[in-house]
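I opened this notebook to record what I looked up in one structure.

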Amino acid sequence: MERRTRVRFAPSPTGPLHMGGVRTALYNYLYAKQHGGDFIIRIEDTDSQRFVPGAEKYIIEALNWCGIIPDEGVDAEGNVVETPSERHPHAPYRQSQRRSIYRQYAEELVQNGFAYYAFDTSEELAARRAEMEAEKKTFIYNHITRMSMRNSLTLPESEWRQLLETHGDWTIRFKMPEDRTVKMDDLIRGHIEVNTDTLDDKVLWKKADELPTYHLANIVDDHLMEISEVIRGEEWLPSLPLHYLLYEAFGWQDTMPRFAHLSLLLKPDGKGKLSKRDGDRLGFPVFPLKWVNQEGEVSRGYREDGYFPEAFVNMLAMLGWNPGDDRELFTMDGLIEAFSLERVIKSGARFNPDKARWYNKEYLRTKSDDELTDLFIPVLESHGMQVVSCPKCAITAGAELTPQGADFRNHIFTREYVRNIVSLIKERAVFVADFWDIASYLFVSPSSFAEKDVAKFWKEENYSLAFQAAGFVMNFDAGDKTGAGFTKEQIEGPMEDFIRSNGWPMGKVMNCLRLALTGASSGLGIADIISIIGKNEFAARIDFAKKELGA
RNA sequence: GGUGGGUUCGUAUAACGGUUAGUACUCAAGAUUUUCAUUCUUGCAAUAGGGGUUCGAUUCCCCUACCCACUACCA
């Protein structure tokens, strides 16, 4: 019978989730969904020293933002999420709440000769290490050294049984076998062999905390939660032999999960793995969401920086995996269908912030005008603009709207006015916030003019022609008193014909007009601008430029 | 130091042992446009080095170099 696919993402709540962690979670999620299985979030909080309040909530929220929703685990409020299971319940999903189940497993290992009690204190161990280091040797707690340490292998039984009662902080250590080659298979890296002589007797259980360490808790929980594949970061590869041996010692090798170790995310330049400092230095986020630590230090997040979660996820998915063809744009469903561990890259992937921006740009243009308008409105409001849902509401707000829906004096605009602009500028932006930089002149009349552009374009022989062209535009719709017919289509053709038929230089005339209308020499087509801001504002801006720049 | 993993344009990556080593991002140039942006076209640019195996190696093996991880009573 085919085994049900069950994978887990097991973060430690010691801080915000790094984007590399998000990628690990994503690959787990994609794998689970592709196989119609379960994606489980298990919180590995066995280290009370490093526990950070809020970290768990952050992790859940970050995954949530990315669309990575667990079938089992805890939600952002801390409630248990469970898949109805006929097998047996897997909750709770926080290791701190599972502490009662680990000790028996550790004891079982001791009874069967796979582990032993050790009474060396951290001070003693540190001293021993320093000693060895002085001789330029490395201290390894293994079959060579363990017989010279204080443990249940070297002490008489009566003595160590007594110590169990009196010695407050003993541990249970795994008895790493001598000179054995552990043969392992990794779904991404293939066959790996390691000799146990290079490994040490890892601590599995700590009396002082009444808690297991990662290795024990991890194996026991993966077994109990019926995990079929463990997809995790490369930093765990060196402990894979221990994990194999642990499954063997428990007699669980038949249901041992298959393993896949993902490479790390590397910094965009130089050496080493991607860290928060790189983000600060190079100006990009390394965390999905903004995070403020206990010292009040702020780390930016992809969400707050204006990235779409789809873009972030897509970018992350392609960092270390590809579908085998040239496709680069994938929805979550597309990723679920196309993903395969076989195509995950073994080597570390350097993160490229430019590519991340490119992804956002691509996703931005797939959004509807309405969606983008919704997102742009808060940006406008942050710049002191007011957006109303209809012209009537504007009147209630005391506005005097142009036929296009703008009141430049009071900075009140209709949603329709905003949406119009969004549709014209969305191809020019990477982020929604860019809309303001690109189009602020469509909301606020220019109060100054870019010096460079003035020097370049504002010459009498040109602006005199521009004023005539402006005058022409003002007059050709003289019959239409409402000004409502002041559309791009009505303006563009006649204006160009007028300039051309006079034999004037199109570029120079247009740029003078653009300078007058936007305050600079970049922006939309003149006809677009005029049709958007409307006749009155058009006239007002021409007058202001005349006054300001001298004509 | 030891152990394990890795190495194709600057970056992400593609290439049944046989390709002019492909694509995307970045960058540059050109075209279009009334400017900017967009768009389009073109260009720059790679198999870490050395040995094998083979008719033939980016691909398989070995060595070297370099990079990464691990080497805690942290995960």
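This is a predicted model: local features need pLDDT of at least 70, side-chain atom pairs count only at pLDDT 80 or more; totals for chains, interfaces and linings use all residues.

Residues are numbered from 1 along each chain as its sequence is written, while chains are lettered from A and ligands numbered from 1 in the order in which they are written.

**Overall form.** I found 20 helices and 19 strands in chain A (DSSP runs, helices being H or I of at least four residues and strands E of at least two, numbered from the N terminus). The radius of gyration of chain A, taken over C-alpha atoms, is 33 Å, well over the 24 Å that the globule rule gives for 551 residues, so chain A is more spread out than a compact globule. The rule is 2.2 Å times the number of residues to the power 0.38. The C-alpha trace of chain A spans about 110 × 55 × 45 Å along its principal axes.

**RNA surface.** I looked up which residues surround RNA strand B: there are 63, and Ser12, Glu44, Ser347, Arg350 and Gly525 are the closest (near means a C-beta atom, placed from the backbone, within 6 Å). Helix α19 gives the most to this surface, with five residues.

**Helix pair.** I then examined α12 (residues 369–382) and α14 (residues 415–425), whose axes come within 9 Å and cross at roughly 110° (lines fitted to C-alpha atoms over the stretch in contact, with angles from 0 to 180 degrees between N-to-C directions). The two helices, α12 and α14, are therefore roughly perpendicular (65 to 115 degrees).

Methods: Angles under 35 degrees count as roughly parallel, over 145 as roughly antiparallel, 65 to 115 as roughly perpendicular and the rest as oblique.
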